[in-house]
Amino acid sequence: MTTNEYRQDFPILQTKINDEPLTYLDNAATSQKPQAVIDAMADFYAHGNANVHRGVYTLAAQATDRYEVVRDQVAQWLNAARREEVFFTRSTTDSLNWVVQTYGEQFVTAGDEIVVTVMEHHSNLVPWQQLAHRKGATLKYIGLTADGQLDLADARKQITAKTKVVAVAQASNVLGVTNPIKQLAQIAHAQNAILVVDGAQSIAHMAVDVQDLDADFYAFSAHKIYGPTGVGVLYGKYDLLSQLTPAQFGGEMISDVDWQTTEFAAIPERFEAGTPNICGVIGLGAALTYLQSVGLDTAQAIEQRLTKQLLTGLIAMPGITVYGPESPELHGPVVAFNVDNVHAHDIATGLDLAGVEIRAGHHCAQPLMRYLHVNATVRASVGLYNNSDDVDRLLTALESVKEFFES
Ligand SMILES: Cc1ncc(COP(=O)(O)O)c(C=O)c1O
């Protein structure tokens with residue numbers, strides 16, 4: 001199938017790159033935005049702009065309503081038990097740093113263990129690593145099975161009575177695997193540790209139910225789910241949130257300030273100091289409404305079909321190494337690979353000349369690159385607006401680039 005009725009919703013896909021049609025296959029880095037999101041944000045600035053939570057006038061009340069409706073939408077999207085368990089940040093990175101700066105600072109002490117996986121993005125690794133240095137805690141890693149999946153047997157070994165935090169990506173931004181979050185939650189909770197989930201690569205591609213997963217914290221970025229940059233979400237279980245001192249102080253997060261003391265506002269306002277990215281949050285709401293109208297199942301079906309086409313094409317090509325499971329059933333919409341004797345950046349530059357936009361580099365996962373004994377990989381990742389022509393164009397351009405370097 002070459003048609004994809006959703007392409008027309010994304011104006012950027014009409015763009016030409018190097019006189020070729022844009023073939024956008026870097027959805028893992030950021031997704032493109034549908035017209036509905038662009039319109040909602042333009043409409044807010046054209047007709048609805050006011051600050052939230054402070055004005056008594058109509059425009060301010062309307063802006064606050066629009067902002068708070070998105071909190072409800074996100075809470076429903078994640079199946080949070082209460083809307084107060086959701087608050088807005090700048091990004092996944094910001095959300096994860098927030099957990100480290102609050103829960104980590106308050107509860108991790110010398111001799112404790114923090115357990116991550118070898119596939120973590122730097123955002124879910126460096127903050128924990130730095131906390132471990134500050135506190136005298138130990139950072140431990142869960143390894144992989146031979147086919148590039150998380151090794152649950154190793155998880156059972158690494159997570160011990162000393163573990164305070166287990167921090168793991170729900171889906172890898174390199175290996176394309178989805179991790180067994182429910183089982184990890186059971187293992188972590190059996191040792192009285194909390195489970196922090198980085199949902200950056202999963203939120204747009206699968207239904208997420210934080211109660212079913214039993215995640216203690218769940219972080220994601222709006223820009224990976226067809227929304228704008230500059231907005232992130234952090235979900236936290238209410239009981240945990242109520243034990244935490246805010247990481248930032250200022251306007252909006254107080255209920256009373258005296259000369260020497262401050263009473264904080266209720267949760268979640270207490271965790272949203274200062275003017276938030278109101279327009280961005282409204283854009284996130286429009287993105288969720290859009291994805292709901294497409295249907296997550298429909299998006300998943302498109303992505304699974306294209307991932308299979310991509311994996312099959314790559315595996316059939318001589319001189320290509322694919323990372324992560326080769327079976328399409330086990331592989332999400334992110335496919336990392338290398339071409340023998342050609343640097344990933346040279347492949348990406350060659351593909352760009354054909355209008356094929358993919359990522360090359362370490363993907364902010366340098367420990368994983370070390371684990372795989374590579375410096376970099378090429379990475380193609382599909383979204384709901386891609387079609388089989390996009391994958392064909394990538395495979396055809398890749399053949400030409402390979403031939404060029406082989407000759
Ligand atoms: C798995 C994973 N975690 C975290 C992030 C960080 O997201 P952001 O840059 O939006 O904070 C990314 C971004 O690529 C990611 O892929």
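Reader: Hi! By class, what residues does the shell around the ligand have?
Author: By class, that shell has two nonpolar, nine polar and two charged residues. Here Ala, Val, Leu, Ile, Met, Phe, Trp, Tyr, Cys and Pro count as nonpolar, Asp, Glu, Lys and Arg as charged, and the others, Gly among them, as polar.

Reader: Before I go on, what kind of model is this?
Author: This is a predicted model, where local features need pLDDT of at least 70, side-chain atom pairs count only at pLDDT 80 or more, and totals for chains, interfaces and linings use all residues. Residues are numbered from 1 along each chain as its sequence is written, and side-chain values use heavy atoms, with hydrogens and water left out.

Reader: Thanks! How many residues surround the ligand, and which are the closest?
Author: The ligand is surrounded by 13 residues, and the closest are Thr 93, Asp 198, Gln 201, Ser 221 and Lys 224. A residue is near a molecule if one of its heavy atoms lies within 4 Å of it.

Reader: Which N or O atom in a side chain is 2.5 Å from a nitrogen atom of the ligand?
Author: That atom belongs to the side chain of Asp 198. A polar contact is a pair of N or O atoms within 3.5 Å; within protein, one must be able to donate a hydrogen and the other to accept it, and residues adjacent in sequence count only if both atoms are side-chain atoms.

Reader: And which side chains have an N or O atom 2.7 Å from an oxygen atom of the ligand?
Author: The side chain of Gln 201 has one at 2.7 Å from a ligand oxygen, and the side chain of His 223 also has one at 2.7 Å from a ligand oxygen. Taken alone the ligand exposes 390 Å², and the protein buries 87% of that. Those areas come from the Shrake-Rupley method with a 1.4 Å probe.

Reader: Nice. Switching to strands, is E5 mostly covered or exposed?
Author: Strand E5 (residues 113–117) is mostly covered, with five of its five residues buried. Buried means under 20% relative accessible area, exposed over 50%, and partly exposed in between (1.4 Å probe, protein chains only). Strands (E, at least two residues) and helices (H or I, at least four) are DSSP runs, numbered from the N terminus.

Reader: Which residues point which way from E5?
Author: Glu 113, Val 115 and Thr 117 point one way, while Ile 114 and Val 116 point the other way.

Reader: What does E5 pair with, and in which sense?
Author: E5 pairs with strand E6 (residues 138–142) in the parallel sense over five bridges, and Lys 140 in E6 is the bridge partner of Val 115. Three bridges also join E5 to E7, and these two run parallel. In E7, Val 166 stands opposite Val 115. Two strands pair if DSSP finds at least two bridges between them.

Reader: How many bridges join E7 to E8?
Author: Five bridges join them, and E7 and E8 run parallel. Ala 167 has Val 196 in E8 as its bridge partner. As for cover, six of the seven residues of strand E7 (residues 163–169) are buried.

Reader: Now helices! Why is H9 largely enclosed?
Author: Of its 17 residues, 14 are buried, so H9 is largely enclosed by the rest of the structure.

Reader: What span should H9 have?
Author: At 1.5 Å a residue, the 17 residues of H9 (residues 278–294) should span 24 Å, and the end C-alpha atoms are 25 Å apart, which agrees. The expected span is 1.5 Å times one less than the number of residues. Just after H9, Gly 295 takes a positive phi of about 100 degrees.
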